[in-house]
Amino acid sequence: MNGFLLLIPFVLIRFGLLSLLGKQALRRAAFFAPLIGGERAAYWCYQISNLLILIYPFFLKVTTEKPWLYAGLTTYGLGILLCLAAVVNFAKPAANGMNLDGLYRLSRNPMYIAYFIYFLGCALLTQSFLLFVIVMVFQISGHWIILAEERWCLQKFGQQYKHYMSKVRRYI
């Protein structure tokens with residue numbers, strides 16, 4: 001099986017489902033907070049790695065070797081479920097625009113975590129070390145994007161977001 005087939009659920013969830021849940025949610029998901037300093041370089045690393053994650057699997061095959069298959073399917077399946085939940089939660093913020101329910105009670109960034117787990121499952125299923133490296137660059141550069149988002153949220157939501165930060169972890 002060609003590796004690009006692994007991307008179909010991601011595209012359907014991230015773009016299709018989010019669009020069905022509301023055009024406003026799709027626009028919010030595409031928004032990047034203002035960047036400063038090294039965050040700009042991280043942004044480009046994030047975008048390039050994102051592009052590579054969506055292109056490189058076209059050149060990969062899914063492996064059927066047992067240990068990799070089970071680990072990959074488990075990780076991939078968990079990633080799909082987390083992506084579904086995170087996208088649905090993201091699409092329904094509170095009246096003030098903050099996401100506080102569902103997975104957002106456990107993590108301030110469940111979509112980033114879900115994407116990482118999902119793409120890690122893709123790397124395991126294809127046994128591609130290069131895809132794994134790309135996913136790691138994606139995740140590490142995503143951390144700098146998250147820092148910019150947190151700064152923006154503090155400016156926009158003030159004390160309420162600061163309180164949320166004190167109660168809910170950045171990741172898990």
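## Y118 and the core

Y118 touches L6, L7, I8, P9 and F10, and also Y76, G79, I80 and C83, leaving out residues up to four places away in sequence. The model is predicted. Y118 also stands out in the largest nonpolar core, where Y118 and F119 have the most contacts. That core has 45 residues. Helix 1, helix 2, helix 3, helix 4, helix 5, helix 6 and helix 7 (159-167) each supply at least two residues of this core.

## Helix 1

Helix 1 covers residues 8-21, which makes 14 residues. From its first C-alpha to its last, helix 1 reaches 18 Å. That is close to the 20 Å expected at 1.5 Å a residue. Just after helix 1 comes G22, which takes a positive phi of about 150 degrees.

Which residues of helix 1 are buried? They are F10, I13, R14, L18 and S19. F10 is also one of the residues that Y118 touches. The cover over the buried residues of helix 1 includes helix 2 (23-30), helix 3 (39-55), helix 4 (66-91) and helix 5.

## L17

L17 lies in helix 1 too. Is L17 buried or partly exposed? L17 has a relative accessible area of 22%, so L17 is partly exposed. The cut-off for buried is under 20%.

Leaving aside neighbours within four places in sequence, L17 is in contact with L12, L84, V87 and V88. L17 and A91 are 74 residues apart along the chain. Their C-alpha atoms are separated by 9.5 Å.

## Salt bridges

Side chains of opposite charge can pair when their charged atoms come close. How many salt bridges does a search of the whole structure find? The search finds four.

One of them joins the side chains of E39 and R151, at 2.7 Å from N to O. E39 lies in helix 3 and R151 in helix 6, so this pair ties together parts that are 112 residues apart in sequence. E39 counts as buried because its relative accessibility is 7%. R151 counts as partly exposed, at 27%.

R108 forms a salt bridge with E150. Their closest N and O atoms are 2.6 Å apart. R108 lies in the loop between helix 4 and helix 5, while E150 lies in helix 6, so the pair ties together parts that are 42 residues apart in sequence. Are R108 and E150 buried or exposed? Both are buried. A network of salt bridges links R108 and E150 with R170.

## D101 and R105

Another salt bridge brings together the side chains of D101 and R105, at 3.2 Å from N to O. D101 is partly exposed, with a relative accessible area of 47%. R105 counts as exposed because its relative accessibility is 57%. The cut-off for exposed is over 50%.

## S128 in its loop

Where does S128 lie? S128 sits in the loop between helix 5 (110-126) and helix 6 (129-157). Not counting residues up to four places away in sequence, S128 touches Y56, L60 and A123.

Terms used:
Residues are numbered from 1 along each chain as its sequence is written. This is a predicted model: local features need pLDDT of at least 70, side-chain atom pairs count only at pLDDT 80 or more; totals for chains, interfaces and linings use all residues. Side-chain values use heavy atoms; hydrogens and water are left out. Helices (H or I, at least four residues) and strands (E, at least two) are DSSP runs, numbered from the N terminus. Contact means heavy atoms within 4.5 Å. The expected span of a helix is 1.5 Å times one less than its number of residues. Buried means under 20% relative accessible area, exposed over 50%, partly exposed in between (1.4 Å probe, protein chains only). A nonpolar core is a set of buried Ala, Val, Leu, Ile, Met, Phe, Trp, Tyr and Cys residues joined through side-chain atoms within 4.5 Å.
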